[in-house]
Amino acid sequence: MRDLVLDSRSQIRDVLHGRDDRLLAIVGPCSIHDPKAAHDYATRLAALNRELGDRLLIVMRVYFEKPRTTIGWKGLINDPDLNGRFDIRKGMWLARKVLTDVLSLGLPAATEWLDPITPQYLCDLISWGAIGARNTESQVHRQLASGLSMPIGFKNATDGSVKAAVNGCFAAAQQHTFFGIDHMGRACAVETIGNPDCHVVLRGSSSGPNYDADSVAQAMEAVRAQMPADSAAAHGLIIDCSHGNSGKDDVRQAHVVREIAERVAQGEPGITGIMMESFLEGGNQPAAPLNQLVYGKSITDKCLSWPVTEQLLHELAEA
């Protein structure tokens with residue numbers, strides 16, 4: 001598993017820097033709430049990865065912490081039993097179990113870093129990380145990204161600001177010293193050397209999508225005005241086909257993916273990867289204890305169904 005993590009991080013860097021012409025495809029549930037369903041999904045995705053791995057670099061979304069606009073279920077780590085008891089000890093154990101299950105199938109994993117302490121417990125199992133739209137301007141998260149040993153995608157802010165994400169990439173590439181914890185859980189001064197593999201993720205905004213060709217070109221212009229020419233960020237960006245780019249609608253998300261595939265096939269520069277939210281069943285359902293839920297259906301954002309996901313990944317590979 002260690003070798004898979006290290007090798008996949010290296011492959012992702014090669015894609016982000018343009019040394020590998022595959023398309024990075026970060027695919028999986030909006031959030032993990034059922035370890036059994038997550039393993040089921042990973043088994044299917046791993047089989048597809050073996051088939052399409054010469055054209056796509058597939059990384060599974062394995063998200064355990066959910067930022068909320070106000071309140072709501074905060075993810076498997078915080079509330080693993082979905083009953084408001086917040087058994088974080090169990091949640092952290094389950095998170096590592098899910099990740100080792102995914103890695104054992106030969107799939108690298110991606111997650112969003114939300115709580116600044118969580119990475120010390122999980123980062124050895126993660127190949128790609130995201131800083132979400134609500135935290136892209138956060139100094140704490142920029143410092144955190146500067147010390148993580150993996151490529152990190154900074155999403156544009158919820159209001160659509162790409163400049164905030166570019167600033168995040170620039171700040172995270174620098175050395176930082178800040179108050180944190182060491183690998184033994186003790187308070188310490190953390191010193192980082194900077195992360196050269198940060199890049200922008202376009203995820204749309206509250207006012208609409210930003211995945212069109214003009215938006216990509218404008219974002220890359222903003223990146224290249226601030227980031228070194230040899231940086232991952234200056235080579236290209238990732239398009240999140242969910243969230244603001246599809247209005248969190250799974251049917252619309254499929255249309256977005258197909259449009260991106262057409263543009264990739266036509267040779268549009270600047271697109272190094274895509275992100276899709278998908279699960280076994282399409283759509284979503286309200287959060288509830290596990291025995292009351294439809295198996296394999298999201299309890300956060302609407303997800304693409306597995307049959308649609310499989311078809312879209314084949315189309316992206318062909319593109």
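Guide: The side chains of E318 and R55 form a salt bridge, with 3.1 Å from N to O. The term salt bridge is used here for a side-chain nitrogen of Lys or Arg within 4 Å of a carboxyl oxygen of Asp or Glu. This pair joins distant parts of the chain: E318 belongs to helix α10 (residues 306–318), while R55 sits in the loop between α2 (35–52) and β2 (56–61), 263 residues apart. Helices (H or I, at least four residues) and strands (E, at least two) are DSSP runs, numbered from the N terminus.

The model is predicted, so local features need pLDDT of at least 70 and side-chain atom pairs count only at pLDDT 80 or more, whereas totals for chains, interfaces and linings use all residues. Residues are numbered from 1 along each chain as its sequence is written, and side-chain values use heavy atoms, with hydrogens and water left out.

E318 is exposed because its relative accessible area is 63%; R55, at 31%, is partly exposed. The cut-offs are under 20% relative accessible area for buried and over 50% for exposed, with partly exposed in between (1.4 Å probe, protein chains only). The pair also belongs to a network of salt bridges that links D54, R55 and E318.

The structure holds 17 salt bridges. Another of them joins E259 and R263, at 3.8 Å from N to O. Both residues lie in helix α9 (residues 250–265), 4 residues apart, about one turn of the helix. E259 is partly exposed at 30%, but R263 is buried at 7%. R186 and D182 also pair through their side chains, at 2.9 Å from N to O, and D182 is buried at 17% relative accessibility.

The nonpolar packing comes next. A nonpolar core is a set of buried Ala, Val, Leu, Ile, Met, Phe, Trp, Tyr and Cys residues joined through side-chain atoms within 4.5 Å. The largest such core has 76 residues, and F64 and L313 have the most contacts inside it. Helix α2 contributes the most to this core, with 8 residues. Another core, of 15 residues, lies apart from the largest one and includes L16, I26, L57 and I238.
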